Amino acid sequence: GGSLTKLAYYSTVQHKVARVRSFDHSGKDIENEPLYEISVQEEITARLHFIKFENTYIETCLDFIKDHLVNTETKVIKATGGGAYKFKDLIEKKLGLKVDKEDVMTCLIKGCNFVLRNIPHEVFAYQKDSDTEFRFQTNHPNIFPYLLVNIGSGVSIVKVETEDKFEWIGGSSIGGGTFWGLGALLTKTKKFDELLQLASKGQHTNVDMLVKDVYGGAYQTLGLSGNLIASSFGKSTTADKEFSKEDMAKSLLHMISNDIGQLACLYAKLHNLDKIYFGGFFIRGHPVTMRTITYSINFFSKGEVQALFLRHEGYLGAIGAFLKGAEQDNPNQYSWGENYAGSSGLMSTSPDVYPMQRTRSGTFDMLEMDRLERPLVNLPLLKDPSTYIPDTVDLTDDAMARKYWLTCFEEALDGVAKRAAASQPDSIDALERAEKFRQKYWNKLQTLRQQPFAYGTLTVRSLLDTREHCLNEFNFPDPYSKVKQKENGIALKCFQSVIESLDSLGWEERQFALVKGLLAGNVFDWGAKAVSDVLESEPQFGFEEAKSKLQERPWLEDSYSQWLERLKEGPPHKCALIFADNSGIDIILGVFPFVRELLSRGTEVILACNSGPALNDVTYSESLIVTERIAAMDPVIQSALREEKLLLVQTGSSSPCLDLSRLDKGLAVLVRERKTDLVIIEGMGRAIHTNYYAALKCESLKLAVIKNSWLADRLGGKIFSVIFKYEVPCK
């Protein structure tokens, strides 16, 4: 580009992963053996890296590429943008590679489609005077069609209809170059950023003629307010005074932004499009240009069209050029997820990038995307995927909640680092890595205190996910693996007696006992401080003790009577999808008896567990072993497995929360095939921090125990209050 070089490269990352495997117990006394073995193995995953360098550091950038070129078969480097011409000889000489120039617009659109599809909080609207300037949008499952307005030296307006179909529908020679050129003539300021700096301090009304200057007030007949610009620079014809550089720069900025805004609106109307994304060096995350463009679009469309901007707008061309080069590997067939541990945030001169490194290389911005093992899609049962928002509270908006949760995560950090180090007693550098993890996550939390919008909408889920990413970065794949192993073993020993006592109850009594068991199981959550304190200080705390902690009915949210009525009066459900939460007592003594009851009613069950570890949540591979053990004790579970009436699947997630718009494709296929008509979501992370307001096409049960006193207070209850939410969609 004109001032920045953006580099995209692919690498393989070696990660440690915790694997669980059933022991071969042939002829052994298994009474005192652990339930399964845990081994830590190396796994190689694919990662995309995007880095920005200032062009003055192009040599450093090329040294960086040279040091990282592993694959010596590479004979060609893909490049796009003005720099592809300007630096062609330098690149070829320094790297010994041929520069393959790619079409700028094709690359831009390829890159744009990629980020829209893979980064949930990519798109934002800009609101200057609200508490949070950046309002992130939910990704619509269908990203097409849209209008891309690229404001570089001039303006290009492109209509994008599909992955490969786009057309240039218009543009203007009055763009960023015009602002820069005229600005330089008017103010003698040669640098673009300095010109914007001047504009941000200026008062355009000193230079522009307003409607009220012409008519003495508003022009009522045409409905024009008095403060509207009637003529840009209009006052300079009559005034004898000198105008300040700041005022002229501001007036010029308004003139050009308004012109572009009106053009964009007219094209959007003409082509019947309601999504307009703005990009190009004129925007580049500058609040002052985002503000004027937003105002202009809002004015000319009468509020019907929103100006939208992209968090990674500066990378689009580089991403597109990379995708062109990697077409034979087809990166688009995979789902990708942003790695918060290695990405710097929006508007951040991020403390994550070490100051020393920054001054030396001009690197100041990074994005990392990890390739996910399996493609992710929407849950087919979402009522309206385009309006679904997983998170219950937006911490970017809610300053009080933000302050509380950031402090909460800060206070828990030492404990998490200790637990991580303790989970690898045989490793000589575990303490050192745990300290690096602590430092990195602490820095992320400080960035988010200053810039809550750095990674998109700030939520409890994003704070939890960032922590998991940082743990993985320092090779702590599953700090709770031993805890889960032990708790699963203990809970299995109690399974039969729990089933016997349930079977001895009358039908109605049993339904209540099953729900109470589910809720009591949900208390065992190492992610909640109130619980982990109890579990660490009272090792004998068990299922019965948890039941006694629960709030008595009526619960904080209580539709149990409607649920009971539905079981009594209605036909059995065809198929229930259950999202499980914690290992141990939760899944074995809470979820499985409930599953068993559903199966006995003739309902098929899909039990969905996390693909990868997070806190003490049960993983898919752990659930396979646990289910096998339960089936050996229980004929109902055994025959359901054999007849495929009980199916175990993975969610595609490694988060303590649940995003129903990014689920494993295999799970979605199964949900459709089995005609699922009941969804059960349990746990604070999945049913309260996320999905509390999620609307589904079928019946749903959301249940959790609130194990955080601040949250309980916020919802009008006390700690260990119960949420039991049975919802039936409106016909």
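**Stop 1: the sheet**

Start with the open sheet of 4 strands, ordered β1-β2-β15-β14 with antiparallel pairing (strands are DSSP E runs of at least two residues, helices H or I runs of at least four, all numbered from the N terminus; two strands pair if DSSP finds at least two bridges between them). Color β1 (4–22) and β14 (336–338): these are the edges, each with a single partner strand, so one side of each has no neighbour in the sheet. From one strand to the next, the twist averages 25 degrees (axes are lines fitted to C-alpha atoms, for helices over the stretch in contact, with angles from 0 to 180 degrees between N-to-C directions).

Before moving on, a word on what you're viewing. It is a predicted model, where local features need pLDDT of at least 70 and side-chain atom pairs count only at pLDDT 80 or more, while totals for chains, interfaces and linings use all residues. Residues are numbered from 1 along each chain as its sequence is written, and side-chain values use heavy atoms, leaving out hydrogens and water.

Now zoom in on β14 and β15 (residues 365–371), which run antiparallel and are joined by 3 bridges. Pick W336 and you'll find its bridge partner in β15, R371. Next, show helix α1 (residues 58–68), which packs on the sheet and touches β1 and β2 (36–54), its direction making about 35 degrees with that of β1 (contact means heavy atoms within 4.5 Å).

**Stop 2: salt bridges**

How many salt bridges does a search of the whole structure find? There are 38, counting a side-chain nitrogen of Lys or Arg within 4 Å of a carboxyl oxygen of Asp or Glu.

Select R374 and D664, whose side chains meet at 2.2 Å, N to O. R374 sits in the loop between β15 and β16 (376–377) and D664 in strand β21 (residues 663–664), 290 residues apart. D664 is buried at 2% relative accessible area, while R374 is partly exposed at 35% (buried is under 20%, exposed over 50%, partly exposed in between, with a 1.4 Å probe and protein chains only).

Then hop to D634 and R596, with their closest N and O atoms 2.7 Å apart. D634 is in the loop between α21 (620–633) and α22 (635–642) and R596 in helix α20 (residues 585–600), so this pair ties together parts 38 residues apart in sequence. D634 is buried at 4%, and R596 is buried at 13%.
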